[in-house]
Amino acid sequence: MALTIGIAGLPNVGKSTLFNALTRATVLAANYPFATIEPNVGIVPLPDRRLDKLAEMFHSKKTVPATVSFVDIAGIVRGASEGEGLGNQFLANIREADAICQVTRAFSDPDVTHVDGKVDPASDIETITTELVLADIQTLEKQIPRLQKEVTGKKIGKEVLETARGALAVLEEGKTLYAHGKDLDPDILRSFQLMTAKPFIYVFNTDDEGLADEDMRRRLRELVAPAEAIFLDAKFESELAELEEDEAREMLRETGQKESGLDQLARAGFATLGLQTYLTAGEKESRAWTIRRGWTAPQAAGVIHTDFERGFIKAEIVSYDDLIAYGSPAECRAHGKVRMEGKDYVMQDGDVVEFRFNV
């Protein structure tokens, strides 16, 4: 599934450093605005220790994790909605993303300039939010007259126009549709391609002092609720990404962290996009397949191959936890833990599946 998360924020907040760490790529990270002009895309594996367990059990030759796609978008500045700082181009990149990861600076460093001259996470978030809101207002103000004509001509239903007007009312209060447009029809809302209707994740790029400041983290979480908030040190994450897996784990232990900030971000991104995984395993490979939450077994089968969905008969399913507990598919069958599910079955995260289908 080609879903992407756009990494956005003011210039010099650590977006490209974070992106480098996420993808282990080499993207220009410079101490001046607009170091990033064209968006860079990185495919990031979703950490999933279940695959290693399955590979061991089935003697798989390789493991294939699910992935999250991140797009590194150039810094937004005040006035971007009016075209400042190549704003139109950058906002177009955000509009194409399925979710927005807003990186906000929460560290002090006199050697790294701040575009507004001071480090103030709340102000930075307000700046970005304002520009996205203003751009969405412009979008709706252009669409509503056309929608009025289409309602009069009975080409569309009144509910489309009412949703557009409702969305505009939310935006004119300076609020995002993601947080304050829950009463609006989500399918109609998506058709308007509004940026503030997309799911948001907030990444606060901080330092050791910030990571240890529980009061600061609490205040910032409250500031961005109901969106997910991730706190990390992009420089540290970049260094961590360069290490071998064992060395990285040791470095995390030394700093008292159970999991890297990047792993937290990948998980949060996956969840924010409304995704989950099911698993397949065999000698060739153990693989995590990406589907939307709420998908049925035939839809899930179609991710492997469209023929699987068209010819779907049954899905043989065992939960990952049961498989690990009993040690093998044979033992799971012996204890009644393997189920045969039909077309109406809604997939659960961690289902280990073998599909049966007609070619």
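Visitor: How are helix 1 and helix 10 oriented to each other, roughly parallel or roughly antiparallel?

Guide: Two packed helices are described by the angle between their axes and the distance between the axes. Here the axes of helix 1 (residues 15-23) and helix 10 (residues 234-241) come within 8 Å and cross at roughly 25°, and the two helices are therefore roughly parallel to each other. Axes are lines fitted to C-alpha atoms, for helices over the stretch in contact, with angles running from 0 to 180 degrees between N-to-C directions; under 35 degrees counts as roughly parallel, over 145 as roughly antiparallel, 65 to 115 as roughly perpendicular and the rest as oblique. Helices are DSSP runs of H or I with at least four residues, numbered from the N terminus. This is a predicted model, in which local features need pLDDT of at least 70 and side-chain atom pairs count only at pLDDT 80 or more, while totals for chains, interfaces and linings use all residues. Residues are numbered from 1 along each chain as its sequence is written, and side-chain values use heavy atoms, with hydrogens and water left out.

Visitor: Which residues of helix 1 and helix 10 meet?

Guide: With contact meaning heavy atoms within 4.5 Å, T17, L18 and A21 in helix 1 meet A234, K235, E237, S238 and A241 in helix 10. These residues divide into four nonpolar, two polar and two charged.

Visitor: At what angle do the axes of helix 4 and helix 5 cross?

Guide: The axes of helix 4 (residues 121-152) and helix 5 cross at roughly 155° and come within 9 Å, so these two helices are roughly antiparallel to each other. Their contact includes I137, L140 and I144 in helix 4, and L161, A164 and L168 in helix 5.

Visitor: Which residues touch the most other members of the largest nonpolar core?

Guide: A nonpolar core is a set of buried Ala, Val, Leu, Ile, Met, Phe, Trp, Tyr and Cys residues joined through side-chain atoms within 4.5 Å. In the largest, of 61 residues, those touching the most other members are I5, L18, L22, F70, V203, F204 and L265. Apart from this core lies another, of 19 residues, including V160, L161, L171 and I188.

Conventions
Buried means under 20% relative accessible area, exposed over 50%, partly exposed in between (1.4 Å probe, protein chains only). Ala, Val, Leu, Ile, Met, Phe, Trp, Tyr, Cys and Pro count as nonpolar, Asp, Glu, Lys and Arg as charged, and the others, Gly among them, as polar.
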